[in-house]
Amino acid sequence: MTNSQNFILRVNSKLAEHFGKPKRKLDSKPLDILIATILSQNTNDRNSHKAYLSLRSKYPNWSDMEKATVNQIAKTIRSAGLSQQKAKTIKQLLLTLKTKKPKFSLDYLYEFSNEQIISELTSISGIGVKTASCVLLFGMQRNVCPVDTHVFRTLNRIGVVNKRTAEKTFYALNEILPKLIAHQFHTNLIMLGRTICKPQKPICTECPLLDLCTYKDKNPTSPLAFKARTVNDFLLLDVV
Ligand code: SF4
């Protein structure tokens, strides 16, 4: 075990003490997760969940969407925003999966390595590394930690990595990520980013990582100065 891995384990354990062990759904299908993640780009989990449910209600099997036009798909997913763009990506994905065995499924990926899966999925226009890594974690239970805006900000502030982009952070982190912690680590970093380590004025005096964190611009303001907060703990990919 390296020093960096020990540090990650200490951070993970402090976060678990504070936020608890997140619930996990273990029977999600990779294609469901991929479509939900496409819908979640640039919007919040509640809007994308609404769009996901609307899509599932109109097309109970993904193959039912084969003959749908981009406009028809876009109309169904309007609540997620960027609906034309997302509909195009979903349509392109379905055209690709029509040629696979079995059709309209990502099950053929189970034999692939993580790197091969990322390469395969990101070859489809509109699907990036973050989306592909969500399929690995939530749809295939691989020990991979996706890096969204919250995970990127918190990991770099804490000092787990020192990278300028989310993608570089993803590769640096996952090279050293200890086994079996990806889901808990990812989820609790999102909770930390949503509630305490916010983009502006992180609430460092209330943070469970105060003693471990290496961020040089910690905010010394007392939490009493902050307005009462409601915690949004809804996570789309744990309900799909
Ligand atoms: S101490 Fe402050 S900067 Fe560091 S993780 Fe906590 S809230 Fe973020």
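In this predicted model, residues 24 or more positions apart account for 64% of the contacts in the protein with a separation of 6 or more. Buried residues make up 36% of the 240 residues.

**Overall fold**

The protein has 10 helices and zero strands, and the pattern read along the sequence is accordingly α-α-α-α-α-α-α-α-α-α. The radius of gyration is 19 Å, close to the 18 Å that the globule rule gives for 240 residues, so the protein is as compact as a globular protein of that length. Taken along the principal axes, the C-alpha atoms fill a box of roughly 55 × 40 × 30 Å.

**Domains and their contact**

The chain is divided into domain 1 (3-22 + 145-238) and domain 2 (30-139). The centres of the two domains, taken over C-alpha atoms, are separated by 27 Å. Where they meet, 14 residues of domain 1 are in contact with 14 residues of domain 2. On the side of domain 1 that touches domain 2, helix H9 (166-176) and helix H10 (182-195) each supply at least two residues. By class, this side of domain 1 has 10 nonpolar, two polar and two charged residues.

In soluble globular proteins, nonpolar side chains tend to be buried together. The largest nonpolar core of this model has 61 residues, and the members that touch the most others are Ile33, Ala36, Leu39, Ile77 and Cys145. This core draws at least three residues from each of domain 1 (3-22 + 145-238) and domain 2 (30-139). One of the core members named above, Ala36, touches Ser48, Tyr52, Leu236, Leu237 and Val240, residues up to four places away in sequence not being counted.

**Ligand surroundings**

The ligand is surrounded by 14 residues, of which the closest are Cys197, Pro202, Cys204, Cys207 and Cys213. By class, the shell around the ligand has 11 nonpolar, one polar and two charged residues.

The class make-up of the two residue sets described above is set out here.

| Side of domain 1 that touches domain 2 | 10 residues | two residues | two residues |

Key
Residues are numbered from 1 along each chain as its sequence is written. This is a predicted model: local features need pLDDT of at least 70, side-chain atom pairs count only at pLDDT 80 or more; totals for chains, interfaces and linings use all residues. A nonpolar core is a set of buried Ala, Val, Leu, Ile, Met, Phe, Trp, Tyr and Cys residues joined through C-beta atoms within 7 Å. A residue is buried if 20 or more other C-beta atoms lie within 10 Å of its own, exposed if 12 or fewer, and partly exposed in between; C-beta atoms are placed from the backbone. Domain bounds come from an automatic or database domain assignment. Two residues are in contact if their C-beta atoms, placed from the backbone, lie within 7 Å. A residue is near a molecule or strand if its C-beta atom, placed from the backbone, lies within 6 Å of it. Ala, Val, Leu, Ile, Met, Phe, Trp, Tyr, Cys and Pro count as nonpolar, Asp, Glu, Lys and Arg as charged, and the others, Gly among them, as polar. Helices (H or I, at least four residues) and strands (E, at least two) are DSSP runs, numbered from the N terminus. The radius of gyration is taken over C-alpha atoms; the globule rule is 2.2 Å times the number of residues to the power 0.38.
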